[in-house]
Amino acid sequence: MITALSNRLFQSALKPLSKYNFYLSGFSVSRLYTTLAKQIENTSLTEDSLHVKWASQASTYSFLWLRDNCQCSQCLHPSSRQKLHSSADIPLDIKPIAFKIIGEEVEITWDRPLRHGKNDTNLHVSRFPLDFLKRYESSKSSEKFRFNHLLPKTWKADEYKLEWVSYDDYMNTDEGLHTVVQRLYNKGLVFLKDVPLEDKACTQVAERIGPIQETFYGRDFDVKNIAKSINIAYTSLYLGFHMDLMYLDSPPGIQLLQSLQNSVTGGASIFVDSFRAVELLKEKHPEDYEILKNTPVTFHYLNNGHHMYYKRPTIVTGESQSGPAWDSHVNYAPQFQGPMDDLTPAESKKFYSAFQKFADFIEDDSLRYQLTLQPGQLVMFANRRVLHGRTSFDPASGDRHLKGTYLNLDSLKDKLRVLNQAYGYDSKV
């Protein structure tokens, strides 16, 4: 039983509801009080919203939002978890006529049916688990639920610690998979060892995270020195830092490269965290940083029967609202830049000056991480963050053959959220 004082506090918490003639039934007062004491301090309603004073903060839920996000089986398919109505169906003047808190749920009875309710005259009852409402108590809490609040760890060469993940652990355990997706998020670069020397192994590693992002290169591609190459990557020349497929509407989010053969002299893989280069540019040359944020760059591919084209700024920030893996990304691929035909001479000078400063940071040896992939070793990296390249090699000295494929960034975000929900998140991975 609750004390008289507790009962008065409980009744006081419900007073704001009285003018709407709301009622409470179907449960014991002590049970409701226990629930309220645990999560809710007070509730009230205005003309268009439910207000909840949680122990941590106050939250406002509009009636439109509540009706649209009803969690009952008539509104949310029980197995697919997809909505069975449209936001366009919610009457703009909808209001509750009854409000209950039953155990761990809020129950609201609405005063009218949906706009396209097929002559439904029955008043609808919505039920919301308190945990659901708590999840959306603020934009910060909903971002935390989606793990969009996480911040990546930028690095330079001596700060990146090489820690191999075994192929067997990655393919056969949640722990191994979780380590890889966390490291991809944190640092944008991860290495696997003991990968089978088979053409299909690279795509199998990728599909452990999600479906392959197929391009006009196919489901996968071979990186080796060939005559009359259609891509500079298929030569023995030095391949400078770049990101792949910047000329696509949706460039790949993750790239994989597996070494199948490597007996040549040279041919080391090189990587740079472009996010660290952006930090340095912003700190030392803030005006040039703004120029690269605001100047779209032409990327194109005009070869082998293709005409690909897209314009995007070198630096993109402030994308947390749309839910990318990071709040920003970089678009940098000098080999695939096309003519920028819409800049005045003055604008061109500003852009080229800013771009050169950024390139100087990228080419700084202190940022450059280098290693030679041996057969059975595989690298995965975030294509919109980690720049990659290759030193030149002597094609007469042996054979070099890498297998590559791509993943969509959505697949990484998906797997990261699912595994973080199950096992937590370790920012030190």
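**Talking through a predicted model**

Analyst: At 2% relative accessibility, Leu 245 counts as buried, and since this is a predicted model, that value describes the prediction.

User: Okay, and where does Leu 245 sit?

Analyst: Leu 245 belongs to the loop that runs between strand 10 (239-242) and strand 11 (254-262).

User: What is the phi of Leu 245 like?

Analyst: Leu 245 has a positive phi of about 60°, although it is not a glycine. As background, most residues other than glycine have a negative phi.

User: Which other residue has a positive phi of about 60° although it is not a glycine?

Analyst: Asp 194 has a positive phi of about 60° and is not a glycine either; this residue is found in the loop between strand 8 and helix 8.

User: Is Asp 194 buried or exposed?

Analyst: Asp 194 is exposed, with a relative accessible area of 57%, whereas Leu 245 is buried at 2%.

User: What about Asp 199, where is that one?

Analyst: Asp 199 is also placed in a loop, the one between strand 8 (189-193) and helix 8 (201-207). Its relative accessibility is 44%, so Asp 199 counts as partly exposed.

User: And what does Asp 199 touch?

Analyst: Setting aside residues up to four places away in sequence, Asp 199 touches Asp 220, Leu 260, His 401 and Lys 403. As for Asp 222, it is 23 residues from Asp 199 in sequence, and the two lie 9.2 Å apart in space, C-alpha to C-alpha.

User: Back to strand 10, what is His 242 doing there?

Analyst: His 242 is part of strand 10 and counts as buried, at 4% relative accessibility. Its side chain reaches the backbone oxygen of Gly 240 at 2.8 Å, and a polar contact of 3.1 Å joins the side chains of His 242 and Asp 244.

User: Switching to helices, which residues of helix 9 are buried?

Analyst: In helix 9, which covers residues 274-284, the buried residues are Ser 274, Phe 275, Arg 276, Ala 277, Val 278, Leu 280 and Leu 281. These buried residues pack against several elements, among them strand 13 (269-273), helix 10 (286-294), helix 11 (345-362) and strand 20 (386-390).

User: What caps the N-terminal end of helix 9?

Analyst: Asp 273 does, with a side-chain oxygen that lies 3.1 Å from the backbone nitrogen of Phe 275.

User: And how do helix 10 and helix 11 cross?

Analyst: Their axes come within 9 Å and cross at roughly 110°, which means that helix 10 is roughly perpendicular to helix 11. Helix 10 contributes Asp 288, Ile 291 and Leu 292 to the contact, while helix 11 contributes residues including Lys 350, Phe 351 and Phe 358. By class, this contact between helix 10 and helix 11 has six nonpolar, one polar and three charged residues.

User: Last topic, what order do the three strands of the open sheet take?

Analyst: The order is 1-2-3, and the pairing is antiparallel. Strand 1 (40-45) and strand 3 (58-62) stand at the edges with a single partner strand each, so one side of each is left without a neighbour in the sheet. The twist averages 20° from one strand to the next.

User: How many bridges join strand 2 to strand 3?

Analyst: Five bridges join strand 2, residues 49-54, to strand 3, and Leu 50 has Tyr 61 of strand 3 as its bridge partner.

Key. Residues numbered from 1 in each chain as written. Predicted model: local features only at pLDDT ≥ 70, side-chain atom pairs only at ≥ 80, totals over all residues. Heavy atoms only, no water. Buried < 20%, exposed > 50% of the residue type's maximum accessible area, 1.4 Å probe, protein only. Helix = DSSP H or I, 4+ residues; strand = E, 2+ residues; numbered from the N terminus. Contact = heavy atoms within 4.5 Å. Polar contact = N/O pair within 3.5 Å; in protein donor to acceptor, adjacent residues only side chain to side chain. Axes fitted to C-alpha atoms, helices over the stretch in contact; angles between N-to-C directions. Parallel < 35°, antiparallel > 145°, perpendicular 65-115°, else oblique. Nonpolar A, V, L, I, M, F, W, Y, C, P; charged D, E, K, R; others polar. Pairing = 2+ DSSP bridges.
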